[in-house]
Each structure stands twice: as structure tokens, then as C-alpha cells.
Amino acid sequence: MHRLKTPCVSLGLLLIPSLLYAQASITGIVRDTSGAVLPGVSVEASSPALIEKVRSVATNEAGQYRIENLRPGVYTVTFALSGFSTVKREAIELSGTFVATVNAEMRVGSVEETVTVTGVSPVVDVQSSNRERVLTAEVINNAPVNRYPSFVAAMIPGVNNSTVDVGGNSGSPTTGGGALTVHGSRATDLEMLRNGVSISTVETGSNTQGVPNMAVFAEMAVETATVSTEERGSGVRLNFIPREGGNTFSGLVISSFANEGMAGNNFTQALRDRGLKTPNNLKKSGEVNAAYGGPILRDRLWFFGTMLYNRTQNWVAGMFVNRNAFSPSSFAYDPDPNQPAFIDVLTRNAAGRVTWQVNSIHKLAFAYENTYTCQCSTATTAIVSAESGLPQRYWPNGGWNAEWTAPLTSHVLLEAVVYHRFINSRRTHPFGLPDVGDSIEDVFAYNMDAIAKNLIGVQDQALGITHHASTVSNMRNKSHDSPFRVALSYVTGAHSYKFGVSDNIGGKQNLVMNFDAPYSYRFNNGVPNQITMNATPFLQFANLDADLGVYAQDRWTIKRATVSYGLRYDHFASSFPEQHIGPAPLVPNRNFTLPSTAGISWHDISPRAGVAYDLFGNGKTAVKGSFGKYVEGQALRGSDANVIFGDGLNPAQRVVTTANRSWNDANRNFRPDCDLLNVAANGECGALSNTDFGSLRPGSTYDPAILRGWGKRMYSWQFSGSVQQQVMKRMSVELSYFRRAYGNFNVVDDRARSASDFDVFSITAPGDSRLPDGGSYTIGGLYNVKPAMFSTPADNYITFASNYGKQFEHWDGFDLILNARPQGGFSLQGGLSSGRTTMDNCAVAAKLPEILTGLSVLNDVNAGVQFPAQYCHEQSPFLTQAKFLGSYEIPKIEVLISGAFQSVPGPQLIGNFIATNAVVLPSLGRPLAGGAANVTVNVVPPGGLYGDRRNQFDLRLGKVLRFGGTRTKVNLDINNVFNANPVLTENTSFAVFRQPASILPARIARLGVQFDF
């Protein structure tokens, strides 16, 4: 299949090109002085941004014209017609997908006469229903924020980033940089695109790998809502438009530096009283980013290249080096107060691009990029000790892409783009211990040695700390994929038709392994109570056979109204080759081969439509509305809930690979005096929670109806309405309403157990003034399986939640956005965003109480914790954020002042209370099944409590110095100007309720320089 598909892809690239993705347009109507429309007028758009210099069309019988496929830049539009004076309109600024309406009035006169019309570039897009904010390279470089895409995008109102950055303290990560969401979207709906081709990893689909270098790009367009059928999802879309060079040699160097001596102190007594031992703060950070480009042949061949070096180290809040890390004789958590823990991220990147204007029509571009990153280690947190957080290196990690664009006529525009990417990520062992080899045999031997040396990880419930060694299975990954897109666009004055196809094929290999012992311990305040066993190591493989999208759309202008409508077909297909699963330390007799297996084969049709109306016909007021269906993101491994159709579907993962057993450790020697290979209760160990551990029996089976067919994929409908008004020259305000509703929820039904196989009980929340109404309220709807059913092997069946009852989730909210185009050194954008989430799965949980264990709390993960059924209807309050980003360069003295302000809600609070048998017994009437010592229950109602609001203000002061043809800007950034210290994350264990796990880093002064030449 793959042998046949690759040449087909190559042939498609040669034969079926497309319109350049996500580029701007100029449109309008040409009339004479009497108001009559003028057909046949030659309209030319020229700009230094175009290597071909000029793009031209002619007006239709209604006097309308449209010029598509325009790169970001400043344009001059010229109107010419025999018998009329030529009209020229200058300084039309384009960025992103903005549609600039430029009308013209021509009077009878000599063609040699040129009338230059001065006017302000439009700021209101009266033709597009999309919601987009464009951040140019100048805006990004002037902002006192981390230049990595996720952190810049997070400055847009409504966009949420799970990672908080102060003064670049997060460095330049190769993966992620935070999960971006908007208007209730999922993190898996995030799409990162380079000229319209996905650069998100084939493994998770939501993170990107290898794009930390913003000097590669001329601008970044951030879409938060769209009616375009070119993309499948409705989350945040970041589209990067690359630099191409130009007819003039030019370059830049950006450098910055800060260390802990330049950081303030925001560690207060109040934080100490809440249990924070030390704050997280910057240790050291430095960056050098250089770029250079220019002509190889003027007007014909351009080049551009760039390099980046970034290294950032941060102290971890409340975490110290554990004196007993990897100790063979002691499992006590013993932090050394003289050795605070820190995390370390190093990134090196190099990229190059060549653009070739073959002739007046055809343009080719070739680019290559490679990145090395060491996250050494980013897994260390206030609740994960350094020895339990594994470093990860990415190398080699990069790819190449090729592009072809061809405006064949004034009506037909063509382009093709292909991208090939390769990713290698390698988890390594920290602290100089011998690293694990890459073969199954090497890992097996290493695990056995770790058992002998007592390298066994511990998760302590009361402390909320993971320590001593690694506790989780992880992977070494290799993946490759080749996304591409092709399309055809036909443009008339009133219509812009577009037909296209995009696809991606690839594959991955994961070595699933434990880096220390293949089992871990659970303690409660130092007392052992449970063992978690893992049937690792093993290799797993997966193929992405199709991530296909085919679309057709039209943008039709009818007088003042522009209607956008289209239809998109999506097809996602995966498969798994033959895989061998051999012995592992805890399953020494395992040995079987899994045949090649089909995975997902989903087909979906998504309609989308929108209308934009020029209310008064002057291009200053637009009323917009839209609706559309969007499918949820999916990838080979998946992330969050989508793992169930990624790795969860892989036959190599569907074998039961993990199980728990109680452990009393009566003699306190911290070794399980039992036969771990015996699934029955013996010695100090209780019965294994799943007797199929390590066996051939699948851990889960899937409803065939959920894996294949039409309309099976999870989706959302999004509706929006807005009014955008120009309030002064170059400034507009937009008020928008959004609603998102999800469908096609899935559920895991353990068919070996029915609702009658569980006993229902309740507990009383602790009396605590920090809980709603002081606590002491009843928490009901808790379930515990009956003892006779405890060891019954699970028979998990994955199907639609609708088979068991109604389930819904929706988000409603508003945005108020201000946008001012840069002028005279001034730029400003920002606004307010507010919304709330409503969820309900009461009907489903009543029939399947097993789904309540580990259920997310308003989409916040809370693994392994009992979710009370009484909270099955969840609703957050309206959560409001305010964000502004602006800069001003004072003329004459050439001093830059720029600022970034964010005010965002604090984190939702969770309090996981450990209910012992003594607490449970009065209601349950018996001890917990399977000899369990306790059950963990969240005692905070969903959306009931939120943490500290984050108010963060960052400032930059820069002085411009000129030497000959060069421009040097010396910057002083003051990040977190007011030295705020809101708590960002809290320990979820109720034993340490409201104990901070991290706070906003203290004020940081950062020195920087930007050298333009």
C-alpha cells in the first residue's frame, strides 16, 4: 500500500497544484464618476514582498475584482483602463488571511495621467467570517515575552496555554510549549502549520516538534475561529509564513541573557505558611538567534538561513535532591535543603530556504530544518523528585519541504506543498547511571538489575510526592510522515472558488519500557499499601495510512454581503503491522505474535458557512455570523482522551500491561515478601487486580461501529456572531459570541461487571474552612466493586456513550477585541474573553459506575481518583481573562517601550482525600474490596474553587543605535514588573490541601540586543 501511495503522492504534486494557503487578498469594485461599474479595468498589485513583483487581474462585468495569493507586506494597487486616468492606491497593508477592500473611482482622462489616492489601509475585514490575529516578526521581536509560538499566541484573548512563562524562563522547547485551547476546544484540536501543511507530530497530533526558531518566519497567523473548509478542526490554528529573502542582503541577530542574580524574590511568609518550601525561579537563561538572506540572482533566486541556540535552567519550587534517590537500603524521602532541584532545556536549530522564480508564472521553494533538544529534565516538579523525572533528547529531528506556486492566469491560481519529517526522541537515565540500551534484551537485563538494586519508584499518597526512582512506563520513539496538500482555485470578481486535497502518511515505532524496576510502590505517609506491576518491555508499531481532507468552498460577494460556504470530507485510517511480544521480567513466559491489524477507518462530512455584511457600505462596520461542524484531532499515539483510538487501539497495547495488588509489608522490610508472578493472594500481597495481566487476552475490545464508517469520529459544532467597528484610523473593536457543542462521546464499559456488581456508599468531607461552606458535607455516589467480583478479569468494551444514555458538553462565551494596526512605531492589540463549560454524563454513569474512577474534573485530569456521581452535572462559572500587547517607538530619540499584560483565572482546585476503611465502613458496611487500604476521593465540587488569579505585566525598554546601514536595539526587559506571586499549581492531595506546587516566577531583568543589517 505504502509503495503504491508514495509515487501517487509525487504524481499528484506534479499534476494537481493549489492556491497558496492562508494568504491575503485585495478585492473591490471599480466605478466611474457617475457611479456606473467599469468592466475590463486592469488592476495590478505590486509589492517588494512578491518575488515576481506584480500580480494582475481585470474587473468583471459587475466591475468587481479579486487578487488572491498575496504574501504579507505593503502593496500598491493600480487601476488602468483606456480612456480613463490611471488611479493608484498606495500603502495597503496585508497580513494573514485579511481581505482588504479597495474600491476605486476612475474619471475620463488621459491614460498618461495618474491619480494617486491617499488613504488609510483598511482595518475591518468586511468579507471574511474568520477570527484571526496576525503577529508579524516585528511585533513578536518587540514584545517582552518568550518568542516561542505557544507563548506569543497565548497573548491573544481567549487563547489558553497550560504553561506559564516569565521572561523566557520556559526556554525554547521542541515539543509543546503548552497545550493551547480556545473557546472550549481540546488541546488535540491545536494545529500548527507551515504554509498550510501540518507540522504537528504524527504521534500526538497536538504538539509540534522542531519549530522553536521564530526567525524562520515572516509572521504567525493565529486563527481562533474559521469557516474555511481547508482545515479539519476548530481549535487554535497557528500558520507560519516563512521568510524568503529578497533583492537586498539583510540579516538580524537577536540575543538575550538573564541569571538568578537578575531575578527578584517574591517568596513571602504567606507562601511558607501554605507549605511551599522554596519558590520556583530562574537559574540561568540565554539565547542567540541569527538570520541572513538576500538574492542569489536578483528577481529570480533568493535565499534565507537562520540558526538558534537557547539554554534555560529553572529552580523547581519546593523540590530538593533526594538523599535516598536510587538507594538500595532506604525508601524514605529525604530531601537535601542544600541541593535544590532544577530543570534544564537546551535547543539548537538550523534552517535554510531557497526561493526560485523560474519564470513569470512558476515559483519553487525548498527548505530544510533540523533541531536538537535536550529536556534534562523537564519532568521534575514540586511533586516529582528529580530521580523520577526522566530526561529526553530529540535528535535527529527535522525535515524538508518543497513548494510550487503558479498563477497561470488572472483567474487560475495553483500551488503544491510537500513536507517530509523525521523525529527521534530518546528517554535517557538521569544522574550518570548507566543508560538503557535500545534493544528488548538490553532493557530486560536492565530491569532485572534494577530489581536487584532496589531501584523501585515510590508514589506517596499523603506527601503527594513521587520519588526514589521512575514509576511510569515510558517510550523511546521514532516516527516519520509526509504531509502534503494540493488544490485548484478559480477566482472571478464576485466569486473565489477553491477545491483542494491534503493528506498525510507515515508511521511510528515505540519501545515501551520502564527505566528502573518494572513495578512501583504506593505508600501512604511512608507506609506501603500497593504495588503497581508493568508487563514491559515490548516494541509497538503503527502506520498512518491516511489523514485525508478533500474540500470545496466558495466566497461569494453580493453587493454588501459576502457569503462563505463549503463542504469538507475527512478520512482518517490507521493500521498495525505484525508485532511480536516476548518475555518480560514479570511475565517471563509471555511469547506470542500479533497479526497485522486494521485500526481506524473514519469518514466524515463537515458543512461550514458564514456571512459578513458591510453594514453601511463604507468598509468600517461588519456584521458577521458563522456555523460549522469540525472533527476532533487524532494521531497514532494520541493524547488526552484520544489515546483510546491511538495507542489504546494498538494490539500491542491492548494486551493487559498493568495491574495493581494490595501490599501490607508486615515486616517493614520494604520488599514484597510474596511471589509477584502468582496472581492469587500470597504472602504479603493481595490478589492481582487483573488475572489477565501479561496475557494474550485483549485488555479492551472495540465496538466495530465506533472504529469504521461514516460519522463515527468525535466532533463539535461551533456557532458565532460578531460586530466589528472601526473606531478611528487603523483601529477597530469587535464583540463576538461563541458556542461550541460536542458529540459522539465514547465510553469504556467493563462488560464483566454491571451496575449491580457495585455497592454505593458515601463519606463526609473533612471539616475545613478552606472547603465550600466549611466542609463537613456528604459526598455521595461513590462506588466500590463487590468483593466477589474484585478479581474478575475486566472485559472492557469501547463504544458510544449514547448507547447508555444522554451525554453533553458545551461552551458559551464572549470576546471583546481591540486591534490597532502598527503605524508610526505604535501597535496595540488585546481585549477580554469570558466563557463557561457545562458537562453532563449522569445517565451514562448510572449504568456504568466504573467510568467514575479517574474521570476528569471539568476536563482537568485526575487519574485514579473516585469522582462522586452526585457531581455528574458539572458547570464552571464564567471565567474571564484580559490581555493586551502593545509597543511604541518614540520618534527622534528612538526609544522603544513595549508591554504585555495578562489577567487570567487561577487553576481549578482539586482536593483528593484519602478515605481509609475506617471512614468508608459506616456507609459501605464492609472494608474495601481486594484488601485495599483506602480509596481516594475528590472532595471539592467541580468548578467550586479556583486558585489565585494571575496578573502579570511585562515591560521592555529599548534604545535604537544606528551605525552606517545597521540598526542596533539594546533592550532591558523587566518581566513580572510588580513581582506578583500567584500560585500556579497546587498539590492535589488533601493531606496538604492548598499547598503550592509552583508560583509565578519572581521579577526578572533580562538584557538583550537586536542587530539589524
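Trainee: Which strand gives the most to the lining of the second largest pocket?
Mentor: This is a predicted model: local features need pLDDT of at least 70 and side-chain atom pairs count only at pLDDT 80 or more, while totals for chains, interfaces and linings use all residues. Residues are numbered from 1 along each chain as its sequence is written, and side-chain values use heavy atoms, with hydrogens and water left out. A strand is a DSSP run of E with at least two residues, a helix one of H or I with at least four, both numbered from the N terminus. With 4 residues, the top contributor to this lining is S1.

Trainee: What volume does the second largest pocket have?
Mentor: On a 1 Å grid over the protein atoms alone, a pocket is an open set of points where a 1.4 Å probe fits, with protein on both sides within 12 Å along at least five of seven lines; lining residues have an atom within 4 Å of a point. Points are joined across faces, edges and corners, and the volume is the space filled by probe spheres set on them. For this pocket the volume is about 800 Å³.

Trainee: Which residues that line the second largest pocket are the closest to its centre?
Mentor: The lining holds 32 residues. Strands S1 (24-32) and S8 (104-106) are the elements that give two or more of them. The closest to the centre are Thr101, Asn103, Gly617, Asn618 and Gly619.

Trainee: How much accessible area does the nonpolar patch on the surface have together?
Mentor: Such a patch joins Val, Leu, Ile, Met, Phe, Trp and Tyr side chains within 5 Å, each residue having over 30% relative accessible area and no salt bridge; areas are Shrake-Rupley values with a 1.4 Å probe. Strands S42 (731-743) and S47 (808-823) each supply at least two members. Leu735, Tyr737, Phe814, Leu816, Leu832 and Phe878 together have about 530 Å².

Trainee: Is Phe878 buried, partly exposed or exposed?
Mentor: Phe878 sits in the loop between strands S49 (873-875) and S50 (879-890). Buried means under 20% relative accessible area and exposed over 50%, with partly exposed in between. At 41%, Phe878 is partly exposed.

Trainee: How many residues apart in sequence are the parts tied together by Glu203 and Arg637?
Mentor: The two form a salt bridge (a side-chain nitrogen of Lys or Arg within 4 Å of a carboxyl oxygen of Asp or Glu), with their closest N and O atoms 2.8 Å apart. Glu203 is in the loop between S14 (197-198) and S15 (217-225), and Arg637 in the loop between S37 (621-631) and helix H6 (651-654), so the parts they tie together are separated by 434 residues.

Trainee: Are Glu203 and Arg637 buried or partly exposed?
Mentor: The relative accessibility of Glu203 is 3%, and that of Arg637 is 22%. Glu203 is therefore buried, whereas Arg637 is partly exposed.

Trainee: Which strands hold Glu223 and Arg237?
Mentor: Glu223 and Arg237 form a salt bridge, their closest N and O atoms being 3.0 Å apart. Their positions are 14 residues apart in sequence, in strands S15 and S16.

Trainee: How far apart are the closest N and O atoms of Arg962 and Glu894?
Mentor: Arg962 is partly exposed at 48% relative accessibility, and Glu894 is buried at 19%. The salt bridge between them has its closest N and O atoms separated by 2.6 Å.

Definitions and conventions. Patches are made of residues with over 30% relative accessible area and no salt bridge: like charges are joined within 9 Å, nonpolar side chains (Val, Leu, Ile, Met, Phe, Trp, Tyr) within 5 Å. Buried means under 20% relative accessible area, exposed over 50%, partly exposed in between (1.4 Å probe, protein chains only).
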